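User: I would like to learn how to read an interface and a sheet in a structure file. Please take me through one.

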Protein chains: 2
Amino acid sequence: MKKATSFDIAYLAGVSQSTVSRALRNSPLVNQETREKVQKIAKELNYKVDKNASNLRSQHSDTLALLLFEDPTDDGSAINPFFLSMLGSITRACADRGYDLLVSFQQASNDWHADFEDSNKADGLILLGYGDYVDFAEKLTKLSAQGTHYVRWGVGEDQLKGSAIGCDNFAGGKEITQHVLKQGRKKLAFLGTASSHAPEFFDRYKGHCAALKEYGINADNKLQINALYTEEAGYDAAKKLLDSGVEFDAICAACDLIAVGAMRALKEHGLSIPENVAVAGFDDIAVANFTSPPLSTVKQDTKRAGELLVEALLDMIAGKAVESRLIEPQLIVRQSC
Amino acid sequence: MKKATSFDIAYLAGVSQSTVSRALRNSPLVNQETREKVQKIAKELNYKVDKNASNLRSQHSDTLALLLFEDPTDDGSAINPFFLSMLGSITRACADRGYDLLVSFQQASNDWHADFEDSNKADGLILLGYGDYVDFAEKLTKLSAQGTHYVRWGVGEDQLKGSAIGCDNFAGGKEITQHVLKQGRKKLAFLGTASSHAPEFFDRYKGHCAALKEYGINADNKLQINALYTEEAGYDAAKKLLDSGVEFDAICAACDLIAVGAMRALKEHGLSIPENVAVAGFDDIAVANFTSPPLSTVKQDTKRAGELLVEALLDMIAGKAVESRLIEPQLIVRQSC
DNA sequence: CTGAAAGCGCTTACAG
DNA sequence: CTGAAAGCGCTTACAG
């Protein structure tokens with residue numbers, strides 16, 4: 001059976017195809033009786049508007065694209081659980097608003113705008129990632145120049161083009177460090193890249209340093225070790241710290257995966273947590289609740305984040321001004337510190 | 001600046017719009033020199049084919065839809081990490097093959113076919129879920145009747161319409177139960193719904209019983225407690241088991257989340273794992289490596305699964321016959337049994 | 001409130 | 001190898 005079109009319905013209903021189109025979209029212009037008749041027939045025929053045709057004509061797609069960009073050095077098998085969680089909440093937020101969501105891991109192309117908005121596949125883009133933000137900045141500048149509608153998860157607009165929804169990383173970093181300091185720890189190490197290549201980590205580090213300062217402690221370079229987004233990186237960084245011989249009684253990790261890797265290194269080294277070394281994370285991924293001991297961390301509300309991202313993008317597409325916004329993080333105290 | 005169309009390029013290249021269209025799709029019909037000239041101009045203009053127009057004309061979308069159906073009783077906040085992992089691998093598999101992926105949690109509608117394939121948004125559907133399979137069976141029958149292209153993650157075709165890629169749940173359930181029995185355990189409980197409402201769990205249970213039989217043990221009804229897909233359900237089921245007073249020295253959980261919940265209940269009850277009770281899971285989610293003690297389980301290869309699902313669907317769309325296939329699960333021994 | 005007509009931007013027979 | 005033309009299935013001024 002061939003697919004029904006609006007002309008088939010028009011014929012059966014004894015009205016014009018224009019009227020069918022109007023009736024199906026609940027236009028107030030159409031007589032209620034006519035509308036009901038048309039909708040009844042459409043239902044009987046299992047009719048659905050052809051999205052390609054309607055999008056082509058109306059020049060919008062009611063579809064958003066989620067682009068997950070990652071560090072290309074990643075082996076590709078495991079996605080950071082934090083982003084997977086964001087993906088889940090964004091999918092839900094789109095569905096709630098009647099939008100479809102196109103998902104892509106855009107390693108391949110370096111022209112997101114062209115690939116999605118120019119080809120009319122999506123009305124706007126949501127960017128999510130943990131790649132190198134220095135490379136990334138160029139792309140954002142290009143996107144903005146082309147007038148693409150996009151929002152980004154991450155840091156505010158001082159550092160990168162465009163609007164962003166993000167966690168208040170400075171506040172989060174400060175809060176958990178204060179918590180560690182309150183336990184009487186004095187020599188705090190920070191595991192995570194502290195540079196504009198990873199601005200979210202950098203902000204957390206700045207919050208970390210601010211808390212130290214409150215306690216009259218100067219941040220020590222030797223206690224900060226670079227590490228990116230993975231358990232392996234956390235393991236390596238902790239090893240490096242241990243091998244360096246610098247004394248420390250606590251580790252603040254820039255993310256939970258780093259903390260998990262660091263805990264493994266500490267245990268291999270015969271150190272117990274938190275007796276010898278306190279450990280703190282950031283993100284509150286599912287695993288944080290199950291490490292031994294369970295990891296104290298900073299929770300980012302991914303559900304709320306997904307909603308804000310989708311709302312901001314929709315506002316932008318509608319031509320409204322969109323402000324970057326920060327979500328308040330929440331301290332989660334468990335047993336690791 | 002208005003978006004460039006193929007007519008703009010045709011004008012600049014001094015050829016017809018038809019030729020532009022051919023040149024852009026690398027048609028062998030077009031002179032190489034002409035093709036290069038056209039492609040150069042297209043690049044300069046930042047031109048991208050309008051997907052809505054080309055899809056409308058050619059009647060296919062190069063897009064696949066992933067439908068995640070869940071138990072509506074779920075609170076909606078947390079998606080089972082196993083499915084999130086599948087989602088990641090499916091996204092990658094689609095990208096590798098030049099397809100876009102539309103993601104949807106189809107709670108709202110009950111007419112997937114109409115929503116995606118009839119509206120020409122997608123060429124085919126991938127179904128992934130943990131809802132009630134009895135309700136689900138009707139939908140599948142309808143999908144098949146309408147000639148929709150779809151593949152499903154889960155159990156083979158005996159029980160449900162359509163082709164499926166799934167884990168060999170029987171073999172996995174049998175293997176891990178054998179492992180538990182080898183440790184000398186005699187009174188094994190099974191936590192997970194054993195009925196056609198949850199056929200994957202049912203198959204795991206059947207494997208479980210087969211292993212018991214090999215060891216001369218008859219499955220005892222009182223040692224099987226229903227539970228669905230969540231940590232909470234696992235906790236409740238273990239409580240129920242404990243309260244029933246039936247003796248047991250091991251728990252085989254139908255999935256890791258159930259195992260995690262059960263471990264919590266056992267500990268609250270003052271029982272130690274594995275000394276008093278051995279615990280086994282199924283799925284190998286990230287958390288399994290971090291429970292205390294780390295959970296022995298059965299790993300499902302989600303990367304391979306995603307690839308097979310996408311390949312099968314593409315074959316089906318291309319008109320090839322597609323067989324249901326099972327992936328071999330892999331026993332992962334940690335410390336919980 | 002309704003209809004006839006144009007047109008969104010492509011792909012693809014058809015003719016040369 | 002190339003071009004003129006039709007048409008995919010809608011939405012939306014325009015006219016009544």
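User: How many residue pairs are in polar contact across the interface of chain B and chain A?

Analyst: First, the ground rules: this is a predicted model, where local features need pLDDT of at least 70, side-chain atom pairs count only at pLDDT 80 or more, and totals for chains, interfaces and linings use all residues. Residues are numbered from 1 along each chain as its sequence is written, chains are lettered from A and ligands numbered from 1 in the order in which they are written, and side-chain values use heavy atoms, without hydrogens and water. A polar contact is a pair of N or O atoms within 3.5 Å; within protein, one must be able to donate a hydrogen and the other to accept it, and residues adjacent in sequence count only if both atoms are side-chain atoms. Here the rule finds 8 such residue pairs, both residues at pLDDT 80 or more.

User: How many salt bridges does the rule find across the interface?

Analyst: A salt bridge needs a side-chain nitrogen of Lys or Arg within 4 Å of a carboxyl oxygen of Asp or Glu. The interface has 2; one of the pairs in a salt bridge is D100(A) with K121(B), at 2.7 Å from N to O.

User: Which strand of chain A is joined to β2(B)?

Analyst: Strands of a sheet pair through backbone hydrogen bonds, either parallel or antiparallel. Strands are DSSP runs of E, at least two residues, numbered from the N terminus, and two of them pair if DSSP finds at least two bridges between them. In this model β2 (residues 100-104) of chain A joins β2(B) by 3 bridges, running antiparallel. V103(A) stands opposite L101(B).

User: What is the strand order in the open sheet of chain B?

Analyst: The order of its 4 strands is β7-β6-β8-β9, with parallel pairing. β7 (224-225) and β9 (278-280) of chain B each have a single partner strand, so one side of each has no neighbour in the sheet. Within the sheet, β6 (residues 188-191) and β8 (residues 250-253) of chain B share 4 bridges, and F190(B) has C252(B) as its bridge partner.
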